Amino acid sequence: MRKINAYLLIFSLLLIFSSQAQTPKKGKWVSLFNQKDLSGWKIYGTEKWYVENGELICESGPDKEYGYLGTEQSFQDFELSLQFKQEADGNSGVFFHSSIDGTKITGWQAEVAPPGHWTGGIYESYGRGWLIKPTDDKDKALKMGEWNTMVVKVVGNQVTTFVNGQEMITLNDEKIGGRAGIIALQIHSGGGIKVKWRKLKVKSL
């Protein structure tokens, strides 16, 4: 009986330590991508998500539909930093405070798109649509076909996005602040899309 109780105690401690290891401490950057595989992520839809040369790549498949790659973990107040490079049509996005059913996503998107299509703006999926777009003069921060750094910061009701150090938008919205959810990368429908991602990391605030 003592041996059984000892085993149960050890097992319980291992579960506690494991859960603690998976929960990021506030203020500490945690990598979301190990440069090897899609561990920690889930694919939604039939479009292509794969790792090549240490980069995470999304690419349209034969169905040419929407596709998503979502984190297994949810976040509420956070700062997300990542790099993206658009090849071919770069119509994509970074969703947050989101949930996905099949390929129907509910939440908010920080836009990633070709020049002139409001990269860094916030779009509410299956809701109010565009909430805020960056002004035209800020679009020059985007470098099509090169690596770009995007930062998305969400604290309470406030969302701020940056592209290559340029603040793109600041938005205050009670609906956004009222929920948590996963982070997800998007492939837009229509085909011909390819975007590369790297250096994805998040900090809980």
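Helices (H or I, at least four residues) and strands (E, at least two) are DSSP runs, numbered from the N terminus. The structure is a predicted model, in which local features need pLDDT of at least 70 and side-chain atom pairs count only at pLDDT 80 or more, while totals for chains, interfaces and linings use all residues. Residues are numbered from 1 along each chain as its sequence is written, and side-chain values use heavy atoms, with hydrogens and water left out.

**Exercise 1. Describe the surroundings of His-97.**

Solution. Begin with the element: His-97 belongs to strand S7, residues 92-101. Next, consider burial, where buried means under 20% relative accessible area, exposed over 50%, and partly exposed in between (1.4 Å probe, protein chains only). His-97 counts as buried because its relative accessibility is 1%. Then list contacts, that is, heavy atoms within 4.5 Å. Beyond its neighbours within four places in sequence, His-97 is in contact with residues including Phe-75, Thr-106, Trp-108, Val-154 and Ala-180. Finally, take the pair His-97 and Ala-180: 83 residues separate them in sequence, yet their C-alpha atoms are 4.6 Å apart.

**Exercise 2. Determine how strand S11 is joined to S6 and to S12.**

Solution. Two strands pair if DSSP finds at least two bridges between them. Strand S6 (residues 78-88) and strand S11 (residues 148-155) run antiparallel and are joined by 7 bridges. Within this pairing, Leu-82 has Met-150 of S11 as its bridge partner. S11 is also joined to strand S12 (residues 158-163) by 6 bridges, again in antiparallel fashion. Here Val-151 stands opposite Phe-162 in S12. The hairpin of S11 and S12 has 2 residues between the strands, and in this hairpin Gly-156 takes a positive phi near 60°.

**Exercise 3. Identify the residues that touch the most other members of the largest nonpolar core.**

Solution. A nonpolar core is a set of buried Ala, Val, Leu, Ile, Met, Phe, Trp, Tyr and Cys residues joined through side-chain atoms within 4.5 Å. The largest has 37 residues, and those touching the most other members are Val-94 and Trp-197. Strand S15 (residues 193-204) gives the most to this core, with 5 residues. Apart from this core lies another, of 7 residues, among them Tyr-68, Phe-95, Ile-100 and Ile-182. Leaving aside neighbours within four places in sequence, the contacts of Val-94 include Leu-80, Leu-82, Met-150, Ile-183 and Trp-197.

**Exercise 4. Is Lys-203 buried or exposed?**

Solution. First locate the residue: Lys-203 lies in strand S15. Its relative accessibility is 16%, and therefore Lys-203 counts as buried. Not counting residues up to four places away in sequence, Lys-203 touches Gly-27, Lys-28, Trp-29, Asp-77, Phe-78 and Glu-79.
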